[in-house]
Every structure is written in C-alpha cells, then in structure tokens.
Amino acid sequence: MSMYTNFKVGEKNYKLRLGIQQIIDLEKSLGHSLIEELNKFSNNSLPSTEFLANVIFYSMQKYQHKIKINDVYSIIDEYVEEGNSMIELMNVVIEILQDSNIIPQEKTNSEEEDNDEKKVK
C-alpha cells in the first residue's frame, strides 16, 4: 500500500495524500462531511469538478503546502491539455482516497485467495 498518490503533470510529480488536517479542511470547504460527499458516488452520481479540484488541492497540502487553489486549477488544466479526461481525474481522486485509507483498496485476486485461505484455517 502506498503512503501517497503520485500525480504526474507535465514534468512535475506531485505527492498527494489526505491526512486528518487536510480532511477537516476539505470538509470545512465542502460544508459537510467527506463521507456525505462520497455517498453521492454510491448513488451513481458523478462528483462535481469543484469537488475533484478541492480533493486535489487539499491532498497537495501535506507535501506541497505552498500550492494555492489557483495553482491547482492550472495543474488540472495542464492535465486535461495533455489529453487526460475529467473521468481520469476522478480516478486519481479515487486513488487518493484509497491511498489515504478513506475508502478501501480494491483487492487483487491473490489477496482474495489469501483471505479465503485464512477463513478456511
């Protein structure tokens, strides 16, 4: 399991991770809990671009604390100009949430087999 999500845009690599301080700051900007926002995913609703940008912004604060929200907008613009879609950005956000242990990682087949073996013993 990774301690952070690597996000490469242009020639720059960014380390993205939400710690407790960043989660609280994100929730303050949302006006509600992160879990409440994530429930929208389970209702087959796509997150807003603002939500995606805010997750990227707050996850940058742990390792790149001098980055401002307008910098994030420019980074996202560059990411899209490189040929990436907003759906791909959503996948980056999901990876951030997984690497930050907010939502569970998807298990690989070998991990599922290991769990099945543990249950049998």
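At what angle do helix α3 and helix α5 pack, and how far apart are their axes? In this predicted model, α3 (residues 49-60) and α5 (residues 86-99) pack at an angle of about 45°, and their axes lie 10 Å apart. That angle makes α3 oblique to α5. The crossing in which α3 passes α5 is left-handed.

| Helix | Residues in the contact |
|---|---|
| α3 | Thr 49, Phe 51, Leu 52, Val 55, Ile 56 and Ser 59 |
| α5 | Met 86, Leu 89, Met 90, Val 92, Val 93 and Ile 96 |

Sorted by class, the contact of α3 with α5 comprises 10 nonpolar and two polar residues, with no charged residues.

Strand β1 (residues 5-9) and strand β2 (residues 12-16) pair in the antiparallel sense over five bridges. Within this pairing, Lys 8 stands opposite Asn 13 in β2. In a regular strand, side chains alternate between the two faces of the sheet. In β1, Thr 5, Phe 7 and Val 9 form the covered face, whereas Asn 6 and Lys 8 form the uncovered one. The hairpin of β1 and β2 has two residues between the strands, and Gly 10 in this hairpin takes a positive phi near 60°.

Backbone geometry also deserves attention at Asn 101. Most residues other than glycine have a negative phi. Asn 101, however, has a positive phi near 60° although this residue is not glycine. Asn 101 is placed in the loop between α5 and α6 (109-120).

Terms used
Residues numbered from 1 in each chain as written. Predicted model: local features only at pLDDT ≥ 70, side-chain atom pairs only at ≥ 80, totals over all residues. Heavy atoms only, no water. Axes fitted to C-alpha atoms, helices over the stretch in contact; angles between N-to-C directions. Helix = DSSP H or I, 4+ residues; strand = E, 2+ residues; numbered from the N terminus. Parallel < 35°, antiparallel > 145°, perpendicular 65-115°, else oblique. Left-handed = near helix turned anticlockwise from the far one by under 90°. Contact = heavy atoms within 4.5 Å. Nonpolar A, V, L, I, M, F, W, Y, C, P; charged D, E, K, R; others polar. Buried < 20%, exposed > 50% of the residue type's maximum accessible area, 1.4 Å probe, protein only. Pairing = 2+ DSSP bridges.
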